[in-house]
Amino acid sequence: MASKLEQCVLDLFKIGVVKFGDFTLKSGMKSPIYFDLRMIISFPKLMETVGELMWEARPRNDYDLICGVAYTGLPIATVISTKQDLPMLIRRKEAKGYGTKKLVEGNYAEGQSCLMIEDVIVSGSSVFDTAETLKDLELDVKDAVVFLDREQGGAANLKSMGINVKSVINMTEMMAILLKFNSITQKVSDSVIDFVKKNIASSLKKKVESDGIMDRLKCTFESRESTTVQPVSRKLFNIMSAKQSNLCVAADVTKSAELLSLAEKVGPYICLLKTHIDILSDFSTEVVEELKNIAVKHNFLIFEDRKFGDIGNTVATQYSGGPFNIVDWADLVTVHGLPGDGVIKGLGSCASGQPRGCIIVSQMSSSGTLTSDEYIKGCCKMAEENAHFVIGFVAQSNISKDPRFIVFTPGVQSGCTSDVLGQQYVTPRAAVLERGADVVIVGRGITKSDDPCSAAKHYKEEAFKAYQERITS
Ligand code: 5IU
């Protein structure tokens, strides 16, 4: 005999709430499972069961109110509300454009405790936004109950922001039930579990930023690692703290042998090596294999400054395939914000479980650059909305306080202010202390020096010292 929960999962599967196949999520991520509870409004008895199970899973016993989150949280909250005789609130997705412009409907009083009701949790951002809205109304909101926890980091994200989430079931448990009743094969179950493990959603931070608790400029790289679950950002923060380096070398050389020899020389001093792979006159897959080995040996990441700038479908084919097959070897790439976030979603769809990420070019170092304040704001918004894949920005000023995002500043060289083709330079100190750079990108200042190895050591020390001054000042 199936338990109440088991029967519920089997019924949800039967009506198509749980589907297996090849799905593209809102974020552009490819997923082998799709879970969409909206369908239950056509199955009132099942909706009642879902409501009962969620009420049983609630973090505490008593609440003054419950709040359903649009859309799927609303019908579920309604069945709980009528059954438990608890007043309900509705949180809209957007404030309506007329009348009172309220985001929350229903009666409430300051200080009342409110339980949030959501269907699924991925990154936790939707629950978090609801909590912020309810807190603005002076309600006491610390708890949420969800039906499915996709185990992609959402519960931990919310916990770190002071919100408890209880779920009726998580993805692993759901797969176990479907497997037990022969609704899916072991292979399908394995692929789903493998997917969730590899696709942890990025962390939350909004509150942190607006409260000024954690200003990027004042945080250590080490502490910033825990503000994100973006895998490449985490790796990079980790390398930067471990190697005490916020130096990226721009390896603009045209021969494979030069590239590899430079990587060997500067490897011990850098957190990142930046390439323009299409300037190599003798590119081969062996050179990137070799570069990957050097990167592992010296513990740095590889950053292809490709500046993807086309529609999602095109950049996806440029990223994965062609002569360079960039997705295979570059931990990070740059994108322009110009096309809109399709460019990020396009790249994200190619990553297929490998830790990959992108940096949005928001400002450039060259004279006459066309990026306006409006454009920069748009890039920041795009980063926030795509934080599972965006690592940070290329910028020349402090465009974001968000501790999750890493700011990379090129146009850095000591003792030189420009080149003849419009490049403009600042010193590593000025880049870090005056412009808010986390990582300084140095090209010719190192590659054209007589001794790239000691030049790299020197730039590394100067940039890291400036960072240390910044966080302690
Ligand atoms: N680069 C810039 N400025 C920018 C961006 C990228 O210089 O705004 I976006 C690249 C170009 C080159 C490296 O690969 O960074 C800087 O090299 P030099 O330090 O040699 O100027």
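Tutor: Two strands pair if DSSP finds at least two bridges between them. Helices (H or I, at least four residues) and strands (E, at least two) are DSSP runs, numbered from the N terminus. The model is predicted: local features need pLDDT of at least 70, side-chain atom pairs count only at pLDDT 80 or more, and totals for chains, interfaces and linings use all residues. Residues are numbered from 1 along each chain as its sequence is written, and side-chain values use heavy atoms, with hydrogens and water left out.

Student: What makes the run of strands from E9 to E16 a barrel?

Tutor: The 8 strands E9-E10-E11-E12-E13-E14-E15-E16 form a closed barrel with parallel pairing. Neighbouring strands of this sheet are turned by 30 degrees against each other on average, direction ignored.

Student: How do you know that E15 and E16 pair?

Tutor: Strand E15 (residues 406-409) and strand E16 (residues 439-442) share 2 bridges in the parallel sense, and pairing requires at least two. Thr-409 has Val-440 as its bridge partner in E16.

Student: Why is Leu-301 called buried?

Tutor: Leu-301, in strand E11 (residues 301-308), has 5% relative accessibility. Buried means under 20% relative accessible area, exposed over 50%, partly exposed in between (1.4 Å probe, protein chains only). Leu-301 therefore counts as buried.

Student: Which residues does Leu-301 contact, leaving aside its neighbours within four places in sequence?

Tutor: With contact meaning heavy atoms within 4.5 Å, the partners of Leu-301 are Val-232, Lys-235, Leu-236, Ile-239, Cys-271, Leu-272, Leu-273 and Asp-331. Val-232 lies 69 residues from Leu-301 in sequence and 8.7 Å away in space, C-alpha to C-alpha.

Student: Why is H2 called roughly perpendicular to H3?

Tutor: Axes are lines fitted to C-alpha atoms, for helices over the stretch in contact, and angles run from 0 to 180 degrees between N-to-C directions. Helix H2 (residues 44-57) and helix H3 (residues 73-84) pack at about 75 degrees, their axes 9 Å apart. Angles under 35 degrees count as roughly parallel, over 145 as roughly antiparallel, 65 to 115 as roughly perpendicular and the rest as oblique. H2 is therefore roughly perpendicular to H3.

Student: What makes the unit of E3, H3 and E4 right-handed?

Tutor: A crossover is right-handed if, with the strands pointing away from the viewer, the path from the first strand over the helix to the second runs clockwise. E3, H3 and E4 make a right-handed β-α-β unit. Strand E3 (residues 65-69) and E4 pair in the parallel sense over 4 bridges, and Val-69 has Arg-91 as its bridge partner in E4.
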